[in-house]
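Subject: Structure handover

Hello,

Here is the structure I promised to pass on. Please load it first, then read the notes below.

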Amino acid sequence: ELETSKSRFKAFAAAHGLPTPASRTFTRVDDALAHLREGTPPFVVKADGPAGGCGVAVCGSLEEARRDLVGKLAPRAGGPAGRVVVEDHVEGFEVAVNVLIDGTDHLVLPPTKPHKRRFAGDTGPNAAGMGSVAPVGLNDRFYRELGSLVVEPAIAGIRREGWRYRGCLFINLMLTEHAMWVLELNCRMGQPATLVD
């Protein structure tokens with residue numbers, strides 16, 4: 001549920017106190033565009049369900065967002081139209097963390113710095129993981145906040161939801177000067193972060 005539905009993840013984050021960028025969910029292009037017109041680019045548009053790559057587009061203009069929305073919200077092969085999560089854009093330093101969970105204890109593996117854009121210089125479409133770098137020089141404050149603001153609330157939330165989860169919780173973070181934001185949770189080892197852990 002956490003990985004295959006971005007709107008479900010947002011509901012989980014809100015219920016269990018995980019810091020995540022504000023968002024709204026839409027099924028109609030016009031409604032999503034009306035919302036975006038109240039903001040300024042870049043706009044973050046995420047396919048709600050499973051998607052090729054990560055299904056995330058960072059759009060530099062309203063027209064680019066409109067094209068992306070049309071593609072994501074069109075009816076699928078005779079099925080219903082899609083659903084998107086439109087999220088506030090947060091600019092910062094992106095970090096990926098794999099956390100091993102056995103149901104009682106957990107182990108945080110070394111954080112990595114993902115490279116997601118398809119082309120050099122952070123250009124091109126978001127491709128969900130073109131590479132990863134480690135080690136990443138992060139201070140003690142990062143590890144304290146990672147534990148208290150993200151890892152512990154996420155594991156406690158999983159228990160409160162009644163899920164008996166053992167495995168890897170992959171956490172994608174955006175770090176700004178004053179905040180740590182959870183962009184997504186995946187219930188598997190994140191690749192290519194795993195390759196450098």
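Buried means under 20% relative accessible area, exposed means over 50%, and partly exposed lies in between. One caution before the findings: this is a predicted model.

**Salt bridges**

The whole structure holds ten salt bridges. Three of them follow.

Arg28 and Asp31 meet through their side chains, with N to O at 3.2 Å. Arg28 has 46% relative accessibility, so this residue counts as partly exposed. Asp31 is partly exposed too, at 37%.

Lys46 and Glu87 also form a salt bridge, again with 3.2 Å from N to O. This pair links distant parts of the chain: Lys46 sits in strand S2, Glu87 in strand S4, and 41 residues separate them. Are these two partners buried or exposed? Lys46 is buried, with a relative accessible area of 6%. Glu87 is buried as well, at 5%.

Glu63 is partly exposed, at 36%. Shared partners also join Lys10, Lys46 and Glu87 into one salt-bridge network.

**The four-stranded sheet**

Four strands make an open sheet, ordered S1-S4-S2-S3, with antiparallel pairing. Its edges are strand S1 (23-26) and strand S3 (56-59), each of which pairs on one side only. On average, neighbouring strands are turned by 20 degrees against each other, direction ignored.

Strand S2 (residues 43-47) and strand S4 (residues 84-87) pair over four bridges, in the antiparallel sense. Ala47 has Val84 in S4 as its bridge partner.

Two helices go with this sheet. H1 lies across S1, S2, S3 and S4, and runs at about 50 degrees to S4. Helix H2 (residues 29-36) packs on the sheet and touches S1, S2 and S4. The direction of H2 makes about 160 degrees with that of S1.

**Nonpolar cores**

The largest nonpolar core has 23 residues. Those with the most contacts inside this core are Phe142, Leu146, Leu169, Ile171, Leu173 and Leu185. Five elements are listed as giving two or more residues to it: helix H1 (6-16), strand S5 (93-101), helix H4 (140-160), strand S9 (167-175) and strand S10 (180-186). H4 supplies the largest share, seven residues.

Take Leu173. Beyond its neighbours within four places in sequence, Leu173 is in contact with residues including Phe93, Val97, Phe142, Leu146, Val150, Met180 and Trp181. Apart from this core lies another, of 13 residues, among them Ala32, Leu33, Val45 and Ala65.

**Cysteines and Asp68**

Cys168 is buried, at 6% relative accessibility. Cys59 is buried too, at 2%.

Asp68 lies in helix H3 (residues 62-73). At 19% relative accessibility, Asp68 counts as buried, because the limit is under 20%. Leaving aside neighbours within four places in sequence, Asp68 is in contact with Val45, Ala57 and Cys59.

Best wishes

Methods
Residues numbered from 1 in each chain as written. Predicted model: local features only at pLDDT ≥ 70, side-chain atom pairs only at ≥ 80, totals over all residues. Heavy atoms only, no water. Buried < 20%, exposed > 50% of the residue type's maximum accessible area, 1.4 Å probe, protein only. Core = buried A, V, L, I, M, F, W, Y, C linked by side-chain atoms within 4.5 Å. Contact = heavy atoms within 4.5 Å. Pairing = 2+ DSSP bridges. Axes fitted to C-alpha atoms, helices over the stretch in contact; angles between N-to-C directions. Salt bridge = Lys/Arg side-chain N within 4 Å of Asp/Glu carboxyl O.
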